[in-house]
Amino acid sequence: MYAKQLSVFIENREGRLEQVLEVLKNCNVNILSLSLADTSDYGLLRLIVDKPETGYNYLTENGFSAILTDLIIVKIPHKPGSLQNLLKFLSKSNINVEYMYGLTISGEEASVAMKVNDFEATRKIFDNLGVEQMLSDDIMKLNN
Amino acid sequence: MIWNEKAECMSRDEMISLQNKRLKETVKHVYDNVPFYRKKMQAKGIEPEDIKSIEDLPLLPFTTKDDLRDNYPFGLFAVPKKDIVRIHASSGTTGKATVVGYTREDLEIWNECTARCLTMAGVGAEDIIQVAYGYGLFTGGLGAHGGAEKIGAMVVPMSTGNTKKLTTMMVDFGVTAIACTPSYLLHIAETLESEGEIDKIKLKYAICGAEPWTVNMRKQIESRLHINAFDIYGLSEISGPGVACDCIEHNGLHVCEDHFLPEIIDKDTLLPLPDGKTGELVFTTITKKGLPLIRYRTKDLTDITHEKCNCNRTSARISKFCGRTDDMLIIRGVNVFPSQIEAAITELKEVTPHYLMIIDRVNNLDTLEVQLELNKAFNSDEIKAIENINKKATVAIQQAIGLAVKVKLVEPNSLQRSMGKAVHVIDNRKID
């Protein structure tokens, strides 16, 4: 029902990010978008990839601390105010966005990935608004 | 100046005869009043009458910090609780504290010994002394305080924590002496320097202890503050600060051996070692009534001499310590055992039981970082969830050791595993 995000807990030290990417390269997993939340000691690398399960399995086998979590990914018009317009409806319903990052931009359209504190309510709001939501399969297609 | 010339300068024969008498009284006291000692002596087939002089010390059983823990809190006290007027406590190797108790007479002896040490450093009735050890369960604050009051100095009970207030009062009051840890004194010196007030102070003496420091550190303190600094030693089990202190000769710490009888033993064979040989320092308290301890193993490594000092004192002198026989760390004057960290984190399911302590000294203040592995099952895609685990672990460790700590979460399986003794401590402090 939701898109999958692959998150990896990594220490904030030289080379560690590159080692994660090397594992993903070796299992032929393609990254569609990523965001890195960091503190002085560690970071959380959040990835949207074409094969989340494969990436998760390979990373875990290689000793990385990875998890899969849900995300909502929506398509919005690539023009000023469209994201604000969307969030207006969420804030009216007291839904909190935990984090968000951009995904792809293609001519007329853009897409954003978001983690919210109430997935079910958010999905309903977007459904009512007619906002197109993408699932893992849709993201696979972006890769083709 | 010598506080108690009779006690500190008596001949070796007089001292031995006094120690013989007091040792015999103490052995009888513990045999009669402490079941722990009576059982231990009976197990060795010894009666109090078998101890005729300090030559017979090796017949007596040892006491360790574990014995104090096993008899927590008051099991080794030798007097009824109503005769105990003060309690102090220090860290034990596990969660339980080591509790010590004093009768009014014990406190008087403790103050007497601390008064000798302060006098040895040059402090007198005309001095104004800031006591900047922590006041409370730790013996440092109240111990130095009692001795300073006894000699009639004007005592400013600063305790620790507010350096700005301390330096302001040091200047405004014309403070002439200070008692604190050596690393804190260097921090005070830096504060005075950065505030441009170093030339306004009237400080003459510092009595520093509660943590290991080197001759080089003493010289640095002395040249930066233009004072004389002295090394005071003590441990709560024996009394507190004032067990020994060095004089202006800086040639070993004079032990108050008419109250605390020192021995040096081989840490492996446990046999007595002659003067000059390095081993574990062992004390028998020979005047304490509340919590007398027989052959208490301090785990501090040093050597001893009974030669008369150039300062005219005849009391035995121990050298600066060259290490410990256990893994106890002293961080900002607080005793810390790695096992305390272990006990605290094994209760947290969010982290694995592996840990690494990294100790450093930044601007002359000790810092402690503890690295913990995030448990895979508690991984998250949200920073705040990880931060909460960090906070939870920080609180747990701080409560266990009573010291501020920085927790750093690291990846699972990233801390070193070892088949034998794992490395849990990296001490980057350059004590010289």
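Asn363(B) counts as exposed because 10 C-beta neighbours lie inside 10 Å; a residue is termed buried if 20 or more other C-beta atoms lie within 10 Å of its own, exposed if 12 or fewer, and partly exposed in between, with C-beta atoms placed from the backbone. The model is predicted: local features need pLDDT of at least 70 and side-chain atom pairs count only at pLDDT 80 or more, whereas totals for chains, interfaces and linings use all residues. Residues are numbered from 1 along each chain as its sequence is written, and chains are lettered from A and ligands numbered from 1 in the order in which they are written.

Asn363(B) is placed in the loop between β17 and β18 of chain B, where helices (H or I, at least four residues) and strands (E, at least two) are DSSP runs numbered from the N terminus. The phi angle of Asn363(B) is near 50°, a positive value in a residue other than glycine. In strand β18 of chain B lies Thr367(B), which is partly exposed, with 17 other C-beta atoms within 10 Å. When neighbours within four places in sequence are left aside, Thr367(B) is in contact with Asp360(B) and Val362(B); contact requires that the C-beta atoms of two residues, placed from the backbone, lie within 7 Å. The C-alpha atoms of Thr367(B) and Phe62(B) are separated by 34 Å, the two residues being 305 residues apart along the chain.

Ser159(B) is found in the loop between β4 (154–156) and α7 of chain B and counts as partly exposed, with 18 C-beta neighbours inside 10 Å.

Helix α7 (residues 163–173) of chain B and helix α8 (residues 182–194) of chain B have axes that come within 10 Å and cross at roughly 70°. The two helices are therefore roughly perpendicular. Axes are lines fitted to C-alpha atoms, for helices over the stretch in contact, and angles run from 0 to 180 degrees between N-to-C directions; angles under 35 degrees count as roughly parallel, over 145 as roughly antiparallel, 65 to 115 as roughly perpendicular and the rest as oblique. Thr163(B), Leu166(B) and Thr167(B) of α7(B) make the contact with His187(B), Ile188(B), Thr191(B) and Leu192(B) of α8(B). By class, this contact has 3 nonpolar, 4 polar and no charged residues; Ala, Val, Leu, Ile, Met, Phe, Trp, Tyr, Cys and Pro count as nonpolar, Asp, Glu, Lys and Arg as charged, and the others, Gly among them, as polar.

The 13 residues of α8(B) should span 18 Å at 1.5 Å a residue, and the end C-alpha atoms are 19 Å apart, which agrees; the expected span is 1.5 Å times one less than the number of residues. Buried positions in α8(B) are Pro182(B), Ser183(B), Tyr184(B), Leu185(B), Leu186(B), Ile188(B), Ala189(B) and Leu192(B). The elements that cover these buried residues include α7, β5 (177–180), β6 (205–209), α9 (215–225), β17 (351–362) and β18 (365–374) of chain B. Just after α8(B), Gly196(B) takes a positive phi of about 65°.

For chain B, the domain assignment gives domain 1 (5–325) and domain 2 (331–427); such bounds come from an automatic or database domain assignment. The centres of these two domains of chain B, taken over C-alpha atoms, are separated by 32 Å. In the contact between them, 14 residues of domain 1 of chain B meet 16 residues of domain 2 of chain B. On the domain 1 side, α8(B) gives the most, with 4 residues. That side has 3 nonpolar, 9 polar and 2 charged residues.

Chain A is assigned domain 1 (3–70) and domain 2 (71–142), whose C-alpha centres lie 22 Å apart. Here 12 residues of domain 1 of chain A are in contact with 15 residues of domain 2 of chain A. The largest share of the domain 1 side, 4 residues, comes from β2(A).

Between the chains, the contact takes 17 residues from chain A and 13 residues from chain B. β1 (3–11), β3 (42–49) and β4 (65–77) of chain A each supply at least two residues of the chain A side, and the largest share, 5 residues, comes from β1(A). By class, the chain A side has 6 nonpolar, 6 polar and 5 charged residues.
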